[in-house]
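Open the model in your viewer and keep the sequence panel beside it. This tour goes stop by stop, telling you what to select and what is there.

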Amino acid sequence: MESQHIDHLFRYHSGKMVSVLTRIFGLKHLDIIEDAVQDTFIKASLSWRTEQPDHPEAWLTKAAKNRVLDIFRKLKTAQKHLPNINQGTHSIAINDLFLDTEIEDAQLRMIFTACHPKLDPRDRISFALKTVSGFSIKEIASALLTKEDTVKKRLSRARKTIQNSNIQFKIPQGKSLEPRLESVMEVLYLIFNEGFHSNKKEILIQKELCGEAIRLTQILLKNKVTRTPDAYALCALMCFHASRIESKTNSENELLDLKHQDRSTWYFPLIKSGHTMMHKAVETDAFSCYHYEAAIANEHLKARAFEDTDWKNILHWYQCLNALRPMPSHLLTMAVICLQTKDYKLAISYLNQLKPEDLGQRCYLFYGAKADYYVAINNKKSALEHIELALKHVTNDLEKKYLQNKKSKIISKLN
């Protein structure tokens, strides 16, 4: 059995196993459960070298359950905390929890636990990726551009908050559902964005993060309680963006802007899924930020060529989005749109409402847009100054190369 295949199984099944076992044994034993699942995969990696079982996931689930019991017995806590799950009605009930529908229910409970508003916002993503998605601490640190020790602290802090706040392993009901669901969707949106606009130095896109965000959003849509128009809009947005992943770079691994992307590489099954989601999303009178972002993404997909893009419509949707949730990134994008339509007066008015620090790590985008503005009004000297500032602050190698190419074009126009 290849180690790569073991890693694949761990990623896709450990979150399920942790969620189901947490439902059986309780959140207070989460550390032990995670250790047990980890031990199970180490055992699998050794025993499967010679022969793979007929049903790998069933083997892993049974082994993890037995491992938890072993640990509890060693700690002499089995009688205090656990039913006798090997006999009688308890055995039947426990086995029922491993049905597909119950696994999805357990995962949904874990998503709500990981995204609870009582947890520090910085901790929610790390905790969700660890418990629900099966990411290792090293993988989380790499994905979020932080140190492994920082991730460990975030996970520890999240667990303490869950214990101290007596957070329940359940799907919220009634009035408490809406704010909790908003928190969940915010975390899933951030996970997707981190994948689609990676801050990693060498990699522009982290496909695994995008795929995981979509998978978790689809879990929301499988449950009638969490199947809301906003959740459909979020899933549509992710599908629309994910359909363009392959076109963001060329065969030389160079970053391509929307104008130069090969639209034939767009993945139309995902676009079709996005449209299906969007039809269900608009069965409401109140639109969320996800509705507007999905509408914007769809406008780009509708255009057969870059020149066919309906910038007027896109600007309208961005104005709606910014009115609903004002953000510096929205102002920046509206300025870029105005540069496309040659409305330079409106473009600079949007840019003048921004400060580079408003965009944090992505301040280079502000400088890049300012450079484009100065190129448009034929002020090449200021354009070069701002492209230099953009290059000074960019971290991703592909984006840096893209900006260097833009700088070369500005210099050639100066000469």
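**Stop 1: a lysine in a loop**

Select Lys342, in the loop between helix H16 (328–340) and helix H17 (344–351). Helices here are DSSP runs of H or I with at least four residues, strands are DSSP runs of E with at least two, and both are numbered from the N terminus. This is a predicted model: local features need pLDDT of at least 70, side-chain atom pairs count only at pLDDT 80 or more, and totals for chains, interfaces and linings use all residues. Residues are numbered from 1 along each chain as its sequence is written, and side-chain values use heavy atoms, with hydrogens and water left out.

Is Lys342 buried or exposed? Lys342 is exposed, at a relative accessible area of 59%. Buried means under 20% relative accessible area, exposed means over 50%, and partly exposed lies in between (1.4 Å probe, protein chains only).

Together with Lys342 they form a positive surface patch. A patch takes residues with over 30% relative accessible area and no salt bridge; like charges are joined within 9 Å, and nonpolar side chains (Val, Leu, Ile, Met, Phe, Trp, Tyr) within 5 Å. Lys and Arg count as positive, Asp and Glu as negative; His and the chain ends are not counted. Each charge is placed at NZ of Lys, CZ of Arg, CG of Asp or CD of Glu.

**Stop 2: the whole protein**

Zoom out and colour by secondary structure. The protein has 20 helices and zero strands. Of its 415 residues, 51% are buried. Areas come from the Shrake-Rupley method with a 1.4 Å probe; for residues, only the protein chains shown count as cover.

Next, consider contacts (heavy atoms within 4.5 Å). Among those between residues at least 6 apart in sequence, 64% join residues at least 24 apart.

**Stop 3: salt bridges**

Side chains of opposite charge can pair when their charged atoms come close. How many salt bridges does a search of the whole structure find? The search finds 13. A salt bridge is a side-chain nitrogen of Lys or Arg within 4 Å of a carboxyl oxygen of Asp or Glu.

Select Arg23 and Asp105. They form a salt bridge, with the closest N and O atoms 3.0 Å apart. This pair links distant parts of the chain: Arg23 is in helix H1 (residues 3–25) and Asp105 in helix H6 (residues 100–114), 82 residues apart. Arg23 is partly exposed at 27%, whereas Asp105 is buried at 16%.

Move to Glu34 and Arg159. Their side chains meet in a salt bridge at 2.2 Å, N to O. Glu34 lies in helix H2 (residues 30–47) and Arg159 in helix H9, so the pair ties together parts 125 residues apart in sequence. Glu34 is buried, with a relative accessible area of 9%. Arg159 is buried too, at 18%.

Then pick Lys302 and Glu299. The closest N and O atoms of this salt bridge are 3.5 Å apart. The two residues are three apart in helix H14 (residues 289–302), so about one helical turn separates them. Lys302 is exposed at 52%, but Glu299 is buried at 7%.

**Stop 4: two asparagines**

Most residues other than glycine have a negative phi. Select Asn166, where phi is positive, near 50°. Asn166 sits in the loop between helix H9 (148–164) and helix H10 (177–196). Its relative accessible area is 55%, so Asn166 is exposed.

Asn378 also has a positive phi, near 70°. Find Asn378 in the loop between helix H18 (363–376) and helix H19 (380–393). Asn378 is exposed, at 57%.

**Stop 5: a buried serine**

Finish at Ser133, in the loop between helix H7 (121–131) and helix H8 (137–143). Ser133 is buried, with a relative accessible area of 0%. What is Ser133 in contact with, leaving aside its neighbours within four places in sequence? The list is Arg11, Ala128, Glu212, Arg215 and Leu216. Last, select Ser14: its C-alpha atom is 7.4 Å from that of Ser133, though the two are 119 residues apart along the chain.
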